[in-house]
Amino acid sequence: MKLHSKLCALGAGLILTTAFASADTIALGSYGTGQSNMGNSNSAMSFNVGLSTPVPGVVLTSATSNISPGGVWNSSLTSTSSWISYGQTGPTTPQASQPGGNFAPNGDYIFATTFTLNGNATAFTFNLLADDTVEVYLDGNTANLLANFAPGLNGTCQINQPNCETVLSLSNLTNPAALAFLTSGTHTLDFDVKQIASVDMGVDFTGTVTTGGAVPEPGTLLLLGTGLIGSAGALFRKMRA
């Protein structure tokens with residue numbers, strides 16, 4: 001193969017590599033069973049009855065509900081998520097109208113959602129609200145921790161974050177070790193909502209996960225590829241002359 005042809009082929013290959021190196025970002029968000037996914041790539045939130053605190057007088061299933069935050073909790077994080085629980089346990093529902101006719105007993109309430117990545121994560125964002133507080137981890141393993149529950153005193157909900165009033169924001173910049181958990185394949189995102197002082201209970205989250213786009217650098221490859229093709233053209237013109 002002549003030199004100018006080789007340069008053209010190499011340049012074209014680098015430009016094609018640039019196209020395949022582009023990043024892919026999926027959106028995540030909480031929503032109840034049977035509700036619209038609001039453009040999110042994760043499954044509806046499910047309730048783990050076996051691992052959660054029993055609610056007297058209520059036969060619970062894996063189904064979850066969207067609940068209204070009312071004026072006590074922070075509003076839903078965005079238009080692409082909703083506060084959820086195993087039933088109407090939010091601040092707009094009176095005690096007598098909550099499941100079983102009482103507030104959720106103090107304890108742990110486990111929710112989960114699944115999502116699939118087409119490669120290892122190179123970046124992520126994660127925003128969280130909960131009442132009273134929540135621990136978040138991946139794939140049923142508390143060692144894969146994204147957010148720890150908050151200790152301390154309870155006001156409307158937990159005073160420290162995660163809580164129901166101030167959004168807790170995490171990312172690969174604040175939690176770089178979490179990238180190691182976000183590998184290619186299907187994952188479960190687990191939420192252990194801690195009910196501490198009775199009354200209202202629920203969780204709301206949004207997030208994004210990006211795969212690819214880190215190596216190689218698209219801008220560098222594009223410049224190199226077009227440069228090689230340009231050099232090949234100049235060489236070809238010189239040979240013809």
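# A tour from salt bridge to cavity

Select Asp 108 and Lys 194: they form a salt bridge, with their closest N and O atoms 2.7 Å apart. A salt bridge here is a side-chain nitrogen of Lys or Arg within 4 Å of a carboxyl oxygen of Asp or Glu. Asp 108 sits in strand 5 and Lys 194 in strand 10, so the pair ties together parts that are 86 residues apart in sequence. Strands are DSSP runs of E with at least two residues, and they are numbered from the N terminus.

Before moving on, note that this is a predicted model: local features need pLDDT of at least 70, side-chain atom pairs count only at pLDDT 80 or more, and totals for chains, interfaces and linings use all residues. Residues are numbered from 1 along each chain as its sequence is written, and side-chain values use heavy atoms, with hydrogens and water left out.

**Stop 1**

Shared partners join Asp 108, Asp 192 and Lys 194 into one network. The count for the structure comes to 2 salt bridges.

Which of these residues are buried, and which is partly exposed? Asp 192 and Lys 194 are buried. Lys 194 has a relative accessible area of 16%. Asp 108 is partly exposed, at 27%. Buried means under 20% relative accessible area, exposed means over 50%, and partly exposed lies in between (1.4 Å probe, protein chains only).

**Stop 2: the nonpolar cores**

Now select Phe 111, Leu 128 and Phe 191. They touch the most other members of the largest nonpolar core, which has 34 residues. Such a core is a set of buried Ala, Val, Leu, Ile, Met, Phe, Trp, Tyr and Cys residues joined through side-chain atoms within 4.5 Å.

Colour the contributing strands next. Those that each supply at least two residues of this core include strand 1 (24-29), strand 5 (107-117), strand 6 (121-131) and strand 10 (185-195). Strand 11 (202-211) is also among them. Which strand gives the most to this core? Strand 6 does, with 5 residues.

There is a second, separate core of 7 residues. Select Trp 73, Trp 83, Leu 129 and Cys 157, which are among its members.

**Stop 3: the disulfide**

The cut-off for a disulfide is a pair of cysteine sulfur atoms within 2.5 Å. The structure holds 1 disulfide.

Look along the S-S bond. The torsion about the S-S bond of Cys 157 and Cys 164 is about -95 degrees, so this disulfide is left-handed. Cys 157 counts as buried, at 1% relative accessibility. Cys 164 counts as buried too, at 0%.

**Stop 4: the cavity**

How many cavities of 30 Å³ or more does a search of the whole structure find? It finds 1. A cavity is a set of points, on a 1 Å grid over the protein atoms alone, where a 1.4 Å probe fits but cannot get out; lining residues have an atom within 4 Å of a point. Points are joined across faces, edges and corners, and the volume is the space filled by probe spheres set on them.

The largest cavity holds about 70 Å³ of space. To see its lining, select Leu 28, Phe 115, Phe 124, Thr 125, Phe 126, Leu 138, Leu 146, Leu 182, Leu 189, Thr 208 and Val 209. Strand 6 and strand 11 each supply at least two lining residues. Strand 6 gives the most, with 3 residues.

Colour the lining by class: 9 residues are nonpolar, 2 are polar and none are charged. Ala, Val, Leu, Ile, Met, Phe, Trp, Tyr, Cys and Pro count as nonpolar, Asp, Glu, Lys and Arg as charged, and the others, Gly among them, as polar.

**Stop 5: backbone details in the loops**

Most residues other than glycine have a negative phi, and most peptide bonds are trans.

- Select Asp 131 and Asp 132: the peptide bond between them is cis, with omega near 0 degrees. Asp 132 is in the loop between strand 6 and strand 7.
- Select Gln 161 and Pro 162: a cis peptide bond joins them, with omega about 5 degrees. Pro 162 is in the loop between strand 8 and strand 9.
- Select Met 38: its phi is positive, near 55 degrees. Met 38 lies in the loop between strand 1 and strand 2 (46-47), and is partly exposed at 24%.
- Select Ser 198: its phi is positive, about 55 degrees. Ser 198 lies in the loop between strand 10 and strand 11, and is partly exposed at 27%.

Technical notes:
Helix = DSSP H or I, 4+ residues; strand = E, 2+ residues; numbered from the N terminus. 1 Å grid on protein atoms, 1.4 Å probe; cavity = no way out; pocket = protein on both sides within 12 Å on 5 of 7 lines; lining within 4 Å.
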